[in-house]
Amino acid sequence: MQLTLEFGGGLELLCESKKIHKVNVDLPNGADDLTMKHLLAWVRTNVIKERPEMFLKGDTVRPGVLVLVNDCDWELSGQLETTIEEKDVIVFISTLHGG
Amino acid sequence: MEANGGDSSEIVRELEELKLRKAEIEHRISTLEAKLHETAAVERLDAAVSNGYSSPAAIEHGLDHGLSPDQIYRYSRQLLLPSFGVEAQSNLLKSSVLVIGAGGLGSPALLYLAACGVGRLGIIDHDVVELNNMHRQIIHTEAFIGHPKVKSAASACRSVNSTIKIDEHVEALRTSNALEILSQYDIIVDATDNPPSRYMISDCCVLLGKPLVSGAALGMEGQLTVYNHNGGPCYRCLFPTPPPTSACQRCSDSGVLGVVPGVIGCLQALETIKLASMVGEPLSERMLLFDALSARIRIVKIRGRSSQCTVCGDNSSFDKHQFKNFDYEDFTQFPLFAGSLKLLPKESRISSEEFKEILQKKERHILLDVRPSHHYKIVSLPDSLNIPLANLESRLNELTSVLKEKEDVNAETGPCTSLYVVCRRGNDSQRAVQYLRESGFDSAKDIIGGLEAWAADVNPNFPTY
């Protein structure tokens, strides 16, 4: 499944300062769809290069990270249960506090 | 060259003195001008009241929207806009806005809000203008370096528009004064730079039912949204749990390109103007993400108000009393003001003067500098070991071996080696010492106030940044 992953607000520092990642993710064994839960685990293994605790806490993203699936907060689509489809754009962004 | 050196320092001193006097005179002029306008306005109002009219100038000219001829001329380009017009301008003139923070975001926000004719503009900030602010905090001028940002910003706003009312709050926003101050305004602009302030301001806006225009910027990125507006979410709906402190950076620590908060601050002014004048679609339940390097602006849909929210949710019992007693620094594990973190007991800390004595007495010690390596490259104390706080855990063995080396060399000469930890301002050094003590380095102490204190109290020639 072709997906675009984007990291921002400092999260790109966890993946070699690269903000946009065009990736190809296979369906997990025996699964009919790819959910955000699967994708987070995949990202943790394949994209995050350092300090994974700055990205994940438990099986979800750490506090202060917004997840957007096709420009829409994943809270509105079922968080970890959100089903991902071909060509989806998933954005992970850390909230900023500076000013 | 001795004489020349003396001359130039004399000139510099006189220049400083003159600049200060100039700033004071300019401030006095703008205060008097504002006062004159107010007095004139009151006189007009008195005349109107005695005649039973609301706005004599307006009535005299047959105008029922309340704008005076001067106001019509000043704001004409906004009045000419079909989607804005005289009604929106009139709403704007009747509105009041509080901008919290006169820094990178607040600078352009304040200038535009003053210029466009917000009726009453409040500014709150506890800080003073510094040279390293100037690249982004464009409301301030060099003449105000060392003076309160609020005074400087108010003076700039008055010089742009002497006809609006400007309130100066030269103080820090705290739970003890927030309710009282925020309650005086219709719209709140969050232009602060730290998580505890952001939670505190959002909670206070929920309690008072005020819309909150929230902006943030760091490095090359910015974010903007409107909270607590028309049934939309509050800050806590989006971020119920504070992020780890390692994910919270200030511009003064991580750097920022000046124009980035400038862009977000302008957009904050825009959203505020829309709310105050009641035009357009506010950026509620949506968030604008700005990436300056790739020239991308993304506007995303965010969740609505959460019924589970501990502050604005259906079953929330959060009230003004709880707000006043809520410890936002403890909640976020982040200081409200740079340099105010108090993590360690007194006996785990030493002052920069005490460290100077240790150096003079040649007491056996290791100085660990926990700043990021690119900071360390700018300037550092001699004979220090740099292990950034972020890598301390994984590089602990380096510290152990350096300590062991010292112990071996000095095995017969007196007490064990002390470990001192320094950073830029004395926050990370406390976190490092806390961690080191937990990891068995019982002698670890931090230098209070870090290298900034060293420069201020021991060596004035030591560069600060």
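Residues are numbered from 1 along each chain as its sequence is written, and chains are lettered from A, and ligands numbered from 1, in the order in which they are written. In this predicted model, local features need pLDDT of at least 70, side-chain atom pairs count only at pLDDT 80 or more, and totals for chains, interfaces and linings use all residues, while side-chain values use heavy atoms, with hydrogens and water left out.

Let me begin with chain B. Its eight strands form an open sheet in the order E3-E2-E1-E4-E5-E6-E7-E8, with mixed pairing. Helices (H or I, at least four residues) and strands (E, at least two) are DSSP runs, numbered from the N terminus; two strands pair if DSSP finds at least two bridges between them. At the edges of this sheet are strand E3 (165–170) and strand E8 (296–301) of chain B, each of which pairs on one side only. Neighbouring strands of the sheet are turned by 15° against each other on average, direction ignored. Axes are lines fitted to C-alpha atoms, for helices over the stretch in contact, and angles run from 0 to 180 degrees between N-to-C directions.

Within this sheet, strand E1 (residues 96–100) and strand E2 (residues 120–125) of chain B pair in the parallel sense over five bridges. There, B:Leu98 stands opposite B:Gly122 in E2(B). Helix H6 (residues 106–116) of chain B lies across E1 and E2 of chain B, and runs at about 165° to E2(B).

I turn to chain A. Here an open sheet of four strands has the order E2-E1-E8-E6, again with mixed pairing. Its edge strands are strand E2 (20–24) and strand E6 (65–69) of chain A, each pairing on one side only. The twist averages 20° from one strand to the next. E1(A) and E2(A) pair in the antiparallel sense over five bridges, and the bridge partner of A:Glu6 in E2(A) is A:Ile20. Helix H1 (residues 36–46) of chain A packs on the sheet, touching E1, E2, E6 and strand E8 (89–94) of chain A.

The area buried between the chains is about 2,600 Å², of which carbon and sulfur atoms give 58%. Buried area is the accessible area (1.4 Å probe) that two parts lose on being put together, summed over both. B:Glu221, B:Arg298 and B:Arg303 supply 24% of the area that chain B buries against chain A, more than any other three residues.

Charged pairs come next. Side chains of opposite charge can pair when their charged atoms come close. A salt bridge is a side-chain nitrogen of Lys or Arg within 4 Å of a carboxyl oxygen of Asp or Glu. The count between chain B and chain A is six salt bridges. One of these joins B:Asp291 to A:Lys19, with the closest N and O atoms 3.1 Å apart.

Which residue forms a salt bridge with A:Glu6? The partner is B:Arg298, the closest N and O atoms being 2.5 Å apart. This pair crosses between chains, from strand E1 (residues 2–8) of chain A to strand E8 of chain B.

Technical notes:
Contact means heavy atoms within 4.5 Å.
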